[in-house]
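Student: Could we go through this model together, beginning with the ligand and then turning to how the helices pack?

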Amino acid sequence: MSTNIDTIRADFPILSQTVYGKPLVYLDNGATTQKPQVVIDTLIRMYSEMNANIHRGVHFLSEQATRQYEEARNTVRDFIHAAYSQEIIFTSGATAGINAIAFSYGERFIRPGDDVLLTTMEHHSNIVPWQMMCARKQARLKVIPISEQGELILEEFARLLSPRTRIVALTHVSNTLGTINPVEQVIRMAHLAGAHVLVDGAQAVQHMPVDVQKLDCDFYVFSGHKLFGPTGTGVLYGKSSLLNELPPYQGGGDMVDCVRFEGTTYNELPFKFEAGTSNYVDATALQSAIKYVSAIGMEQIAAYETSLMHYAREQLQTVPGIRMYGTAPLKTAVFSFVLGDHHPYDVGMILDKMGIAVRTGTHCTQPLMDFLGITGTIRASFALYNTFEEVDQLVAGLHRAGSMLQ
Ligand code: PLP
């Protein structure tokens, strides 16, 4: 990266902490990322200078907050290269975006006997909402299998596609395996079969440039808190032609045009999908996070993290008894592994005492664990502020944990 790693780390106050007297090595970025000072400052500035409910007030503060919120929307539009601001809907996270589409799309397009396609590696957030919709609409859920390496088997996908396939919902990057899926190809194949595609970008937008127009996806969702922004933020992108056809997901203020007891007409996009008081404060802080990573450059971040991934992959192999899951050549710096027969939790606890934060368990991908025939893994997930030295610390920590658990 052209920006110095020490400069980047200094932007994140939490990273200078010690844990049990050891410098914090934060490798749980797949769960949530830390926040740079600009994001924290924005939250303070919004509440100290600009807080008023948006869209409804005629007064100065409300107009300022409204303008700020809509500017945040424009920033998101540019970040994912959407064609129009109205295609950007603020949500509370990736989960909320998927639920909104599973419900609204289901109401509009799904008939009994239709197929919804997912993949083996989906997060529960991209499984359960579709199961609920399929149960409601008597539709069928089908699963695109993956290889031992953790890659989609595209020939199987081609076989599953049929005139009954309405929508394919898949993750851009696996939160457990790190696999970067060939989403562009999947989208092309799905469109040729007449199906729509939702891409879950929760593990992608913080690691690589994303261009929704180039991908040609119909829907794209992500979480703000995994992109260095505040919790309780997320984005649902949808092609306006499609979003216009969908019924609203939730009713309430702001999403309406005219309300009578006899019936209600709805507001235009994006407000039709933003019922109630929007999270304008956190959306503005998410804008700061996006400006922050954009200033460093998503291409640069991707290149840096790829070199970190290659180094970590090589170094982790030196740990006795390590068994890796997710060995696709095209992957992000996310490593899932087990250490001999030791329970992932025990390894995670020992690493924690060394100041190294990893996650253990199923990572909200139980069907993937079933496929792998395991009950859980240790997961180390890196972000732009992690260093090569931290890879060494993780590897040393695993060597030590391995010998302590003998
Ligand atoms: N999809 C993927 C791939 C994820 O990794 C996650 C969170 O870990 C989600 C969806 C859900 O994100 P959130 O809990 O922020 O809604």
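Student: How far is a polar side-chain atom of Asp200 from a nitrogen atom of the ligand?

Tutor: This is a predicted model, in which local features need pLDDT of at least 70, side-chain atom pairs count only at pLDDT 80 or more, and totals for chains, interfaces and linings use all residues. Residues are numbered from 1 along each chain as its sequence is written, and side-chain values use heavy atoms, with hydrogens and water left out. A polar contact here is a pair of N or O atoms within 3.5 Å; within protein, one must be able to donate a hydrogen and the other to accept it, and residues adjacent in sequence count only if both atoms are side-chain atoms. For the polar side-chain atom of Asp200 and the ligand nitrogen, the separation is 2.5 Å.

Student: Why is helix 4 described as roughly parallel to helix 5?

Tutor: Helices (H or I, at least four residues) are DSSP runs numbered from the N terminus, and axes are lines fitted to C-alpha atoms over the stretch in contact, with angles from 0 to 180 degrees between N-to-C directions. Angles under 35 degrees count as roughly parallel, over 145 as roughly antiparallel, 65 to 115 as roughly perpendicular and the rest as oblique. The axes of helix 4 (residues 94-109) and helix 5 (residues 128-137) come within 9 Å, and they cross at roughly 20°. That angle makes helix 4, relative to helix 5, roughly parallel.

Student: How are helix 12 and helix 14 oriented to each other?

Tutor: The axes of helix 12 (residues 344-353) and helix 14 (residues 388-404) come within 9 Å and cross at roughly 125°. Helix 12 and helix 14 are therefore oblique.

Student: At what angle do helix 3 and helix 10 pack?

Tutor: Two packed helices are described by the angle between their axes and the distance between the axes. For helix 3 (residues 60-79) and helix 10 (residues 280-296), the axes are 9 Å apart and the angle is about 40°.

Note on methods:
Helix = DSSP H or I, 4+ residues; strand = E, 2+ residues; numbered from the N terminus.
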